[in-house]
Amino acid sequence: MQCQNKLEKAFSSPEGARKLVSLKAFKKFDTTQDALAAAAALVDSKLPKSLKKFLSKHADPEAGDSLALADAKLGGIVKDKLNLPCIFSTGVQELMRGVRQQLGTLVAGLGGAAGGLAPMSLGLSHSLSRYKLKFSPDKVDTMVVQAIGLLDDLDKELNTYAMRVREWYGWHFPELVKVLNDNLLYAKAVRLMGMRTGAAATDFSEAGLDEQQEADLKHAAQVSMGTDISDSDMDHIRALADQVVALAEYRSQLYDYLKARMAAIAPNLTVLVGELVGARLIAHAGSLLALAKHPASTVQILGAEKALFRALKTKHDTPKYGLIYHASLVGASAPKLKGKISRVLAAKCALSIRVDALGDAAGATIGVDDREKVCVPPTALAGGRWPAVCASARPHCRAGVALLPWHGFGLGATSCRHAPSGALGRWPWPLPGALR
């Protein structure tokens, strides 16, 4: 194995290969599933049980046997578990290449390339590719990352196109902006009406306008102070309005697709924060598995990294929320409670993300219960105090304790002997570092 040129020359013919190497032991796989499992383990630098038994039976370290491997990491595992010396070098790579080239002639029964070796190798390669694509967690949520990115791009393009339609057509019919505030209705009305002189003979029910809007539009068209435009100008404005309508329709289809994908990939996270916020959290982290590795404190401020580092640099208060601020539970709360709600919601989201990424359940499990625990009626928050929990939550606490359902977050006066006195707005119970 020291001279690579000699190895290449020796394996150029079957006779030279037989002089250099000989078959000591060989064992076929019983089924295709066994071959796939062994190949998948070897790709991940793991030692499959079938290979471990084969090496234990045919390789004897005491007799001076050593094993040549193309994977140095796998060689370390073999050496630790079987105490078998392993060799890894560029010469081993050339030897492996030569053995693969003449494998049909070195192993009796396999046949040449025209026999069964090439079809078997191709079939195993296809099975391994399908296995990796099917069971890779990063490949599944790639669709969500791409979809939410495209959805944000579509929103920007829709706003740009819609504003261009308003400004362009506004020279001809400036009063239409006051009648129709919705961009999609505006584009549909322009596409149906054309020139403002055609408003009287146009039925705007196809565009989704109600009777009052249609009457206001036709009256505004009669008294409009806009300038006249040519037919070619109107053709280009109508073409742009068609683009706005088409993009809006595709945006609606893409949102339905994203909603279905999020319900299948991260149902618990979707129940807590919604499809859009959940997808943006996954996209910001890179994948669902990467997001599951983040603690609750990181999930809370994910998306506000610039504000965080600026606050740390200037020694100001750090941000209380990032992307999670757009969740409905945070948006519906009072301004002074948004930070507390976002902290508790981030803690529940961290648990839900790990269940979605690593659990086997198909639908939402803990997400529904956690949302009910986070949801607090606005009337209960009017006095600045959280509603009390049933006695089963903290059986050792006496009456009069104001605790949240999420295991002891006290915002009211507490009379529990296990909590510090006057713990107003503080955590009376030991919590993980991410939530302190």
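The model is predicted, so to speak of local features a pLDDT of at least 70 is needed, side-chain atom pairs count only at pLDDT 80 or more, and totals for chains, interfaces and linings use all residues. Residues are numbered from 1 along each chain as its sequence is written, and side-chain values use heavy atoms, leaving out hydrogens and water.

Let's begin with two helices (DSSP runs of H or I, at least four residues, numbered from the N terminus). The axes of α21 (residues 338–358) and α22 (residues 366–374) come within 10 Å and cross at roughly 175°. These axes are lines fitted to C-alpha atoms over the stretch in contact, with angles from 0 to 180 degrees between N-to-C directions. The two helices are therefore roughly antiparallel, a label for angles over 145 degrees. In contact (heavy atoms within 4.5 Å) are residues including Leu345 and Leu351 of α21 and Ile366 and Val374 of α22.

Buried means under 20% relative accessible area (1.4 Å probe, protein chains only). Not counting residues up to four places away in sequence, Val273 touches Gly278, Ile324, Ala327, Leu345 and Cys349.

Finally, find Phe204 in the loop between α12 (183–193) and α13 (211–222). Phe204 is buried, with a relative accessible area of 0%. Phe204 and Ala189 are 15 residues apart in sequence and 6.8 Å apart in space, C-alpha to C-alpha.

Definitions and conventions: Angles under 35 degrees count as roughly parallel, over 145 as roughly antiparallel, 65 to 115 as roughly perpendicular and the rest as oblique. Buried means under 20% relative accessible area, exposed over 50%, partly exposed in between (1.4 Å probe, protein chains only).
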